[in-house]
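This report describes how the parts of one structure are arranged and where they touch.

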Protein chains: 2
Amino acid sequence: MQTEDKLLMMPGPVKVPSSVLRAMSKPMINHRSKDFSEIIDECQKLMGPMFNTNPDNIVIISGSGSAGMEAAIGSVINKGEKVISLENGKFGERFKEISFKYGDTVPLEFEWGDSFDLDLIEEKLDAGDISAITMVHNETSAGILNPAKEVGKLAKKYDALFILDVITSFGGDCVKFDEWGVDIAVAGSQKCIAAPPGLSMVAMSEKALSKMEETTCRPYYLDLLAYKNSISKEMKETPYTPAVSLFYGLLEALRIADSEGIENRIKRHRDMTKSVRDAMAAMGIEMFPNLNKYSRYSNTVSAMKSPEGLSGEDIKKEMSNRGIIIAGGQNRLKGKIFRIGSMGAVTPLDLMTTISELELILYENKVIDKIGEGMRHI
Amino acid sequence: MQTEDKLLMMPGPVKVPSSVLRAMSKPMINHRSKDFSEIIDECQKLMGPMFNTNPDNIVIISGSGSAGMEAAIGSVINKGEKVISLENGKFGERFKEISFKYGDTVPLEFEWGDSFDLDLIEEKLDAGDISAITMVHNETSAGILNPAKEVGKLAKKYDALFILDVITSFGGDCVKFDEWGVDIAVAGSQKCIAAPPGLSMVAMSEKALSKMEETTCRPYYLDLLAYKNSISKEMKETPYTPAVSLFYGLLEALRIADSEGIENRIKRHRDMTKSVRDAMAAMGIEMFPNLNKYSRYSNTVSAMKSPEGLSGEDIKKEMSNRGIIIAGGQNRLKGKIFRIGSMGAVTPLDLMTTISELELILYENKVIDKIGEGMRHI
């Protein structure tokens, strides 16, 4: 089986619909043209209801989610300003690493997969003079959904900017930018939107935009204010040459999401991911995250503890041999967990194939002693 | 005529060959896989002879040429270090703007389109303690080819790093990384290589790599050392999610360039661009750059002075109405010049179409009084 014919069940990049792939084959156009301006404009309009904010304040960076994360921090944080960096997984850690480059980071580290302690967060805020809080909404590395609404409320109370990574929730789970008081939200093209990787979509509040004006050491390529100024012209542009083909793909993917309807799409993601968890419970496989009353299992990726005698890496390898790409654990979680994405264009049939093969592997490795309990839940 | 069916004769993005467009429609694969590692590896091997350096020190950033330019400066310049920033066009100016963000910039500004004065450069170097010189090899905005070899020699003499933008010369004109003593060269995917925009390919010397180890405030997403470390593993990777589809496109474009043969490709570019200049001379249209004995007309883009009574913008607009996209002047050159790219997959037929239409426009606007002098040279 050729790699490109394997079933991608990772938490991104995900399977990309054929019409999105075809869209990328369109001939090149001048990116300083009315036609390209219209592509930007339509993408913004389609993303407005997905971020739940003003489409005019959404920009698209030619770079991956990490580029968007750096743009978010670098565009609003001056040297010496304090940033609380919440971490309960690899992407929270990434925010922390980026944050160290720009501000005076106050790390708040929890065990990966553990829930945040809101009291501790408030304590840090109360200790004074915090300019921003960074948080990952859907922590892909640990399969946990962090409490955006609650942290947003705290940020507001202490007048800190709330910077939220929605890379793996945007387009597949609820993102309420305005209602939660988010100031900068960073999405990615290659997750629940099911476009190819390489673009990061960033929504900004008026408060964030004002803060950018006072931020003197903003990066160059990743300066959000430059992106905002370029889309504020009569003809919408990007400040630097954009990845035109990826914009073609993104637009088609957003049209698909729009025609499905964002509420339906969120429900579909939730249902699919719940069926994965139900299948795991039926096979006696434990979920990885430690929830509390504010956190939830992710609705787009499931992280499971490796069963005794079979590491996450073993499972990943066995699945790959059978033609299905799932994910293991990253960094310190390597071997300890395995993860299945249910993002974007994944179908119940894809889930059935995945759970059936997984069930066989668990059976052949004597983790379970009969077949059929898991797949029955898909 | 639909925009995507217009003939792109700008200095990038350029017309992309159909097989490159088709390559981008391939299904998504995991970017942490042997298959993706092989794509990186083959791209490196094909680019080695185009940069004329060690393929192992070539990395690919998912971001446009400007991202590569920032990566080059940000990865080797510490706060307070002096950088001479040579400028005779918009992209030299861009290097200067980026440079201000990282080091202590020593601008050396010439009129856009004028040649560099090597004595002045040496004077600045001699004044002391310069860490790096930035230069644009092929200054697209002015159609001038700057003296890389000579400036490289000066950089070496004064032990400064030589950072060279080869975005619009790479793959279409001679780039001798090792021989010229370049330390970091930044190429782009959407110019003479004729791949889609969105990738920047960066070659690094051992000296540059050592300097990166001592540079403490390197950016995050654009940290060249992170890219180098990721390709130095047994399985070649990128530090952050790459734009997989653009890598498919780049690989196909590099294979096309390789099968043409880099020497043939350079000759073809030189011949095509010379024929544009010859046509202009025959029609009495003056070239824009002010050459001296070290500079040359660009071999990949031609910049012409607007004839009396007809601005560059008028010509650009008229050409666009007829289905051909050429470029005007940028920023302070707007209206004063017009530019025709002869990069990548452009053919003599495309040039004939372009010059014929231009000749008609000039005739109809009474700039020339007979038809046929220009097209005869294509």
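In this predicted model, 47 residues of chain B are in contact with 46 residues of chain A. Helix H1 (18–23), helix H3 (65–74), helix H4 (90–102) and helix H9 (244–260) of chain B each provide at least two residues of the side that touches chain A. The largest share, 4 residues, comes from H3(B). Sorted by class, the side of chain B that touches chain A has 25 nonpolar, 14 polar and 8 charged residues.

The two chains are also related by symmetry. Chain B is superposed on chain A by a rotation of 180° with 0.0 Å of shift along its axis, and the RMSD is 0.0 Å. This is therefore the relation of a two-fold axis. The same surface serves both copies, since 98% of the contact residues of chain B recur in chain A. Which residue of chain B comes closest to the rotation axis? That residue is Gly63(B), whose C-alpha lies at 2.6 Å from the axis.

**Two helix pairs**

Helix H10 (residues 262–282) of chain A also packs with another helix, H12 (residues 348–364) of chain A.

| Helix pair | Axes | Angle |
|---|---|---|
| H10(A) and H12(A) | within 11 Å | roughly 20° |
| H5(B) and H6(B) | 10 Å apart | about 20° |

The axes of H10(A) and H12(A) cross at roughly 20°. Because angles under 35 degrees count as roughly parallel, H10(A) is roughly parallel to H12(A). The crossing of H10(A) with H12(A) is right-handed. Which residues meet where H10(A) and H12(A) touch? From H10(A) come Met272(A), Ser275(A), Val276(A) and Ala279(A), and they meet Pro348(A), Leu351(A) and Ile355(A) of H12(A). The residues of this contact comprise 6 nonpolar, 1 polar and no charged.

In chain B, helix H5 (residues 118–126) and helix H6 (residues 148–157) pack at an angle of about 20°. This angle makes H5(B) roughly parallel to H6(B). H5(B) passes H6(B) in a right-handed crossing. On the H5(B) side, Leu118(B), Ile121(B), Glu122(B) and Leu125(B) take part, and they meet Glu150(B), Val151(B) and Leu154(B) of H6(B). How many charged residues does the contact of H5(B) with H6(B) have? There are 2 charged residues, together with 5 nonpolar and no polar residues.

How values were computed:
Residues numbered from 1 in each chain as written. Chains lettered and ligands numbered in written order. Predicted model: local features only at pLDDT ≥ 70, side-chain atom pairs only at ≥ 80, totals over all residues. Axes fitted to C-alpha atoms, helices over the stretch in contact; angles between N-to-C directions. Parallel < 35°, antiparallel > 145°, perpendicular 65-115°, else oblique. Left-handed = near helix turned anticlockwise from the far one by under 90°. Contact = placed C-beta atoms within 7 Å. Nonpolar A, V, L, I, M, F, W, Y, C, P; charged D, E, K, R; others polar. Least-squares fit on C-alpha atoms with pLDDT ≥ 70 in both.
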